[in-house]
Amino acid sequence: MESCPRSRWRGRRQLQEAPGRPGLRAPEWLRASLGVSRAARCIVGWRWRWRRRRRRLGRGAGQSVRRAEAMAFWAGGSPSIVDYFPSEDYYRCGYCKNESGSRSNGMWAHSMTVQDYQDLIDRGWRRSGKYVYKPVMNQTCCPQYTIRCRPLQFQPSKSHKKVLKKMLKFLAKGEVPKGSCEDEPMDSTMDDAVAGDFALINKLDIQCDLKTLSDDVKESLESEGKNSKKEEPHELLQAQDSVGEKLGSGEPSHSFKVHTVPKPGKGADLSKPPCRKAKEIRKERKRLKRMQQNPAGELEGVQAPGHPPSLFPPKAKSNQPKSLEDLIFESLPENASHKLEVRVVRSSPPSSQFKATLLESYQVYKRYQMVIHKNSPDTPTESQFTRFLCSSPLEAETPPNGPDCGYGSFHQQYWLDGKIIAVGVIDILPNCVSSVYLYYDPDYSFLSLGVYSALREIAFTRQLHEKTSQLSYYYMGFYIHSCPKMKYKGQYRPSDLLCPETYVWVPIEQCLPSLENSKYCRFNQDPEAVDEDRSTEPDRLQVFHKRAIMPYGVYKKQQKDPSEEAAVLQYASLVGQKCSERMLLFRN
């Protein structure tokens with residue numbers, strides 16, 4: 001049996017005799033990874049090491065080490081632990097196809113808290129599976145700016161409404177748009193964007209695509225209004241109990257075009273009354289019906305008897321543009337052709353619902369890769385799918401003041417008539433819903449599921465905000481102005497871009513003129529502004545080395561390699577002072 005100092009044996013006996021005492025029991029994540037016995041030995045070993053280090057380095061250094069260890073391991077939660085990989089080479093760009101134009105720094109996250117990841121994406125980081133990367137903005141060929149939408153002020157555009165109406169017509173009547181539907185613009189493969197870093201760690205080996213938010217919609221169908229009784233919506237929103245009361249559904253006002261007299265032999269026959277749109281006729285019938293039901297003309301916008309009905313009804317208060325929720329959850333007839341349901345299931349750690357649907361979800365992803373991205377049938381294996389889209393470093397958290405589903409990584413599954421047709425991979429963080437990826441059944445490409453899923457995620461963010469007020473943004477990944485097919489994300493307004501130097505958010509309207517002149521731009525117009533969270537005290541950075549936690553000021557005294565210091569300082573500058581003090585940088 002291994003010989004240990006008496007103090008270590010005493011500590012082990014205390015752990016066994018009083019396992020419930022705070023400050024002595026190893027946390028769950030450590031016991032799960034090392035086992036109860038080894039975890040106990042580690043905890044005792046760490047306590048014994050900092051006592052010895054305290055005697056050797058002095059009381060001040062010993063207290064710093066003890067505080068770090070207590071904060072990270074005895075607080076009851078799992079800290080963020082990362083391996084950092086500085087960028088060394090240029091590699092192929094997945095956007096402009098430059099063979100040696102892209103460059104980024106990355107780190108492998110063994111575990112990560114949702115607050116740490118929130119702070120990282122607010123500094124330009126992004127995750128793919130457990131790999132977290134940040135483009136070198138002033139050196140890469142296609143600068144990638146973090147973009148976020150403000151859902152609370154979001155109003156769907158005309159093209160967005162067309163997609164929602166197309167979905168409603170399909171659900172209600174089973175109507176499919178005529179003609180071929182062009183593929184939606186897709187983000188380039190993520191394996192090209194971060195291939196150099198994946199080669200370093202040999203962890204991910206699959207082709208990846210960023211989340212699509214296309215709104216290049218050419219097929220538009222007018223929805224026919226019917227005076228049907230209001231019903232409960234046939235769609236479920238994110239496993240929540242209700243979606244709230246529907247707002248007024250007044251028709252928006254329409255403008256009428258004045259036609260000039262055509263030349264003889266051309267144009268309409270002026271001797272006949274002008275043709276009227278079917279929608280105008282339906283509105284006129286509705287007005288006449290209201291007049292018959294209420295001859296006193298008490299309804300606003302309805303004229304009293306004795307006055308001929310007007311084709312141009314006065315604007316009424318109820319005649320407001322429909323909200324996003326009104327458009328999504330519009331009532332369907334009882335005999336609707338299809339039923340759509342949206343479920344949110346936790347992917348990490350996997351919930352029982354997620355496990356039960358994993359195989360079906362993988363089959364959709366496999367077909368998506370084969371048809372949309374022309375991959376061979378054996379390329380997207382189930383293990384690759386799991387590592388890329390199911391594994392996540394984010395720790396699940398369910399605070400009492402957070403959303404009902406908690407924080408962490410989830411799959412938003414779109415079920416049509418009992419089968420999965422699309423899956424959106426999302427992270428729910430303290431301040432936002434972050435879109436990671438979308439894949440769908442290619443047979444339903446005509447529904448523009450990229451746009452539809454983005455609108456559903458915006459509505460989901462608004463719903464989460466009702467309980468968790470600070471959760472009020474929707475992050476859409478990276479905006480790449482230099483890549484024409486990647487500009488569509490900027491059409492979800494209002495939205496902001498992240499300044500790559502000061503890490504403040506700037507409205508996209510203010511950024512576009514600068515981006516027209518240069519690929520790389522500093523959006524903050526104040527020349528004196530600096531990064532408020534820049535690394536000012538690198539010695540306080542936390543290092544995890546040889547099963548011990550120590551400040552970088554202690555760790556660097558044990559190192560003689562100058563490149564080691566350069567890598568650690570670069571890491572500190574990229575993650576910021578707050579994250580460098582909370583996260584543990586693994587060094588071996």
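A residue counts as buried under 20% relative accessible area, as exposed over 50%, and as partly exposed in between. The legends below describe close-up views of a predicted model.

**View 1. Two residues other than glycine with a positive phi.** Lys97 has phi near 65 degrees, a positive value in a residue that is not glycine. Its place is in the loop between β1 (81–85) and β2 (104–111). The relative accessible area of Lys97 is 40%, so this residue is partly exposed. Arg547 likewise is not a glycine and has a positive phi of about 65 degrees. Arg547 lies in the loop between β13 (542–545) and β14 (548–551). With a relative accessibility of 41%, Arg547 counts as partly exposed.

**View 2. Strand β4 and its two partners.** One partner is β2, which pairs with β4 in the antiparallel sense over 5 bridges. Here Gly106 stands opposite Tyr133 of β4. The strand β3 (residues 126–128) also runs antiparallel to β4 and is joined to it by 3 bridges. In this pairing, Arg127 has Val132 of β4 as its bridge partner. β3 and β4 form a hairpin with 2 residues between them, and Gly129 in the turn has a positive phi of about 65 degrees.

**View 3. An open sheet of 8 strands.** The strands follow the order β6-β7-β8-β9-β10-β5-β11-β12, and their pairing is mixed. At the edges are β6 (340–348) and β12 (505–507), each of which pairs on one side only. From one strand to the next, the twist averages 35 degrees. Within the sheet, strand β5 (residues 145–149) and strand β10 (residues 473–479) run antiparallel and are joined by 4 bridges. Arg148 stands opposite Tyr475 in β10.

View 4. The bond from Ser348 to Pro349 is cis, with omega near -5 degrees. Pro349 is found in the loop between β6 and α11 (352–356). The bond from Arg493 to Pro494 is also cis, with omega near -5 degrees. The loop between β10 and β11 (495–498) holds Pro494.

**View 5. The crossing of helices α6 and α14.** Two packed helices are described by the angle between their axes and the distance between the axes. The axes of α6 (residues 158–173) and α14 (residues 449–467) come within 10 Å and cross at roughly 100 degrees. Angles of 65 to 115 degrees count as roughly perpendicular, and α6 and α14 are therefore roughly perpendicular to each other. Helix α6 makes the contact through His160, Val163, Leu164 and Met167, and helix α14 through Leu449, Val451, Tyr452 and Leu455. The residues of this contact divide into 7 nonpolar, 1 polar and no charged.

**View 6. The nonpolar cores.** In soluble globular proteins, nonpolar side chains tend to be buried together. The largest nonpolar core in this model has 105 residues. Those with the most contacts inside this core are Met107, Tyr437, Tyr439, Tyr492, Leu497, Phe523 and Tyr571. Helix α14 supplies the largest share of the core, 9 residues. Another core, of 8 residues, lies apart from it and includes Tyr95, Cys141, Ile480 and Cys483.

Note on methods. Residues are numbered from 1 along each chain as its sequence is written. This is a predicted model: local features need pLDDT of at least 70, side-chain atom pairs count only at pLDDT 80 or more; totals for chains, interfaces and linings use all residues. Side-chain values use heavy atoms; hydrogens and water are left out. Two strands pair if DSSP finds at least two bridges between them. Axes are lines fitted to C-alpha atoms, for helices over the stretch in contact, and angles run from 0 to 180 degrees between N-to-C directions. Angles under 35 degrees count as roughly parallel, over 145 as roughly antiparallel, 65 to 115 as roughly perpendicular and the rest as oblique. Contact means heavy atoms within 4.5 Å. Ala, Val, Leu, Ile, Met, Phe, Trp, Tyr, Cys and Pro count as nonpolar, Asp, Glu, Lys and Arg as charged, and the others, Gly among them, as polar. Buried means under 20% relative accessible area, exposed over 50%, partly exposed in between (1.4 Å probe, protein chains only). A nonpolar core is a set of buried Ala, Val, Leu, Ile, Met, Phe, Trp, Tyr and Cys residues joined through side-chain atoms within 4.5 Å.
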